[in-house]
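Me: I'd like to learn how to read a helix and an interface. Could you walk me through one example?

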Amino acid sequence: MNTELLGQLLINGIVVGALYGVVAMSFVLIYKASQVVNFAQGEFLLIGAWTCWWLLTKWQLPFIWGFGFTLVFMTLFGLLLQVVVLRPMIGEPIISVIMVTIGLSIFFQALMKWMFGVFAQPFPPIFETGQVDVLGLRIQTVYVMSLGISVVIMAVFAWFFKFSRMGLAMRATAFNQQVAQSLGISVRTVFALSWAISAVVSSVAGVVVAVVNGVSSALSFYGIKVFPAVILGGLDSVVGAVLGGLIVGLLENFAHFLDAEYLNWGNMYQVAPFYVLIVILMIKPYGLFGTKDIERV
Amino acid sequence: MTTLIPAGDFKTSYAADTTIFPTATSRNFAIAGVVLLALCPLVLDKYWLSIMIQIGFLSIAALGLNILVGFTGQISIGHAAFFGFGGFASPWLSNHFGIPVALSIPLAGVMTTAVGLIFGIPAARLKGLYLAIATLAAQYIIEDFLGRAEWFTGGVAGTIAEPFSLFGFVFDTDERYFYVVLAWMVAMYVLATNLMRTRDGRALVAVRDHYLSAEMMGINLTKYRTMSFGISSFYAGIGGALYAHYLQFVSVEGVTILLSIQFLGMIIIGGLGSIMGSLMGTVFMVLLPELMGAVTDALAGGAIDRALNLKDSLSYLREMAIGLAIILFLIFEPDGLAHRWKQVKAYWKLYPFSH
């Protein structure tokens, strides 16, 4: 048994899992607010990361400015996407809505490949020291930053939905659209805003992953990995999304560990979450924290 | 808009109402269409023939997906995986067991049906987006299996498929293989049309339209949802097997999620719940990338080409066109080309008094 590898993979699992949690959270935000299953969540990461990369390398902006402009751009992008593409789809059957987001996903993925190429591009270094010692394990500084940012985002989310006026309005809309509308909440604004917030938060995750691994179209795979996480946690639960993300991150890395040490099947960590996904769908489709859908005639 | 029936044309029996061809003219047109297609190899060049063969096997798989999505209302994002499974099953049967290719293609369809039923069991309990996610997982799991199972697929290297032969006559050129695909296509389309006229077909539509009412009318939901999954996998398997014996080589790279999305695009563009729509959508989806190629060729060397680097990024442009076509159709023409075609027919029928 290789304990050092195990420890390393444990930390990997928590860092990656926290990022999955953040992406899953923004996925759940869209689902809760506007009942849209967004298959293009991974492309938010991709677009955010490429935008930031482009501002930092081509325009030589300092990181803070580049990052800030990226966030502004992603806010507008999320708003525009909801207003132009998703608003006409309100009231359409669920298959159509799913297909629109799938269409968006392959469109933007191809667009990014066209604009920036298929090769992974390294991000300009942000920290001077490469590694730090934590409890005797050497950890890359970017990992610590990544974990920190994830925790901060989660805390901001918690505050936003518990205390801010807009967050409460969003929760009310998610709970019951008609009642929310009759209380004077603009459901249109809530829909648009939920897409904007989701795009921004995902793009932060995208930039963080890009700083660690470089930017490439592999980033959009995070959007697919979100599904095991949200199904595990329950589709409409923010807490569940975070926990589900952590579990999937850890699971992937343990599958990788088992694979590397004993099984030698290769590629296990890519597929293991999907096996788990099928099992959960069969025994507990509403996840750990999701509300059970009761249908009345 | 339903089919227009001329005044005075009264149906006197139920059989007359559910007939495939309402008039003799429509039947003659359909037969003439097939005969015209059969003459194609004599006049068309190799490029167009290969496109038509592609349309043939893809439209069979697309029809299967339309039975699942359009008629039963169950979404599947893993259709390419079943298509690929059929594509590997047929060469496996003919290479390892010496079964003639003419027989291994339907057998591959049956094997794919079995796999489809396995994934159909959880699917029967799920609907809507849960099913979408489950089939997405199925796509990745089967894709991974196909890449891993060397005894079955030859692993990542792929596998060689024998050419199709019947009574010692080998269909190894495009001109000859065209007839194999055409025969299968006509058979499968007639089969699907007839399925929709039976009790089982109507049960599938009832499950789609209102599953609670359907259940109260005595339709077994689990049975029909699973059955629909099985039928759609059978079609995918046949389509995949035809694809394998056409290229005479299959590898797992061809059956990624992008192909699944293309299948979904075909039936959305063609029209959900329309049999001929599946064919129209496939034609559109196969010609769209060719059109992009032609446009790029026309612009080659010009200022636009230099500025946007069109030539080298043709494959991305094609993917973008596919995504864009799906989005635009869903927003502006959600009933697909089949609906548009009906409107055109109605316009000519009613001309000049269209109101």
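Reply: Happy to! Helices (H or I, at least four residues) and strands (E, at least two) are DSSP runs, numbered from the N terminus. This is a predicted model, in which local features need pLDDT of at least 70 and side-chain atom pairs count only at pLDDT 80 or more, while totals for chains, interfaces and linings use all residues. Residues are numbered from 1 along each chain as its sequence is written.

Me: Which residue just after α4(A) takes a positive phi?

Reply: That is Gly117(A), with a phi of about 85 degrees.

Me: Is α4(A) mostly covered or mostly open?

Reply: Buried means under 20% relative accessible area, exposed over 50%, and partly exposed in between (1.4 Å probe, protein chains only). In α4(A), 19 of the 23 residues are buried, so by this definition the helix is mostly covered.

Me: How much area do chain B and chain A bury between them?

Reply: The size of an interface is often given as the accessible area lost when the parts come together. Here buried area (the accessible area, 1.4 Å probe, that two parts lose on being put together, summed over both) is about 3900 Å², with 81% of it on carbon and sulfur atoms.

Me: And which element gives the largest share of chain B's side?

Reply: Elements giving two or more residues to that side include α5 (101–125) and α6 (128–148) of chain B. The largest share, 13 residues, comes from α6(B).

Definitions and conventions
Chains lettered and ligands numbered in written order. Heavy atoms only, no water.
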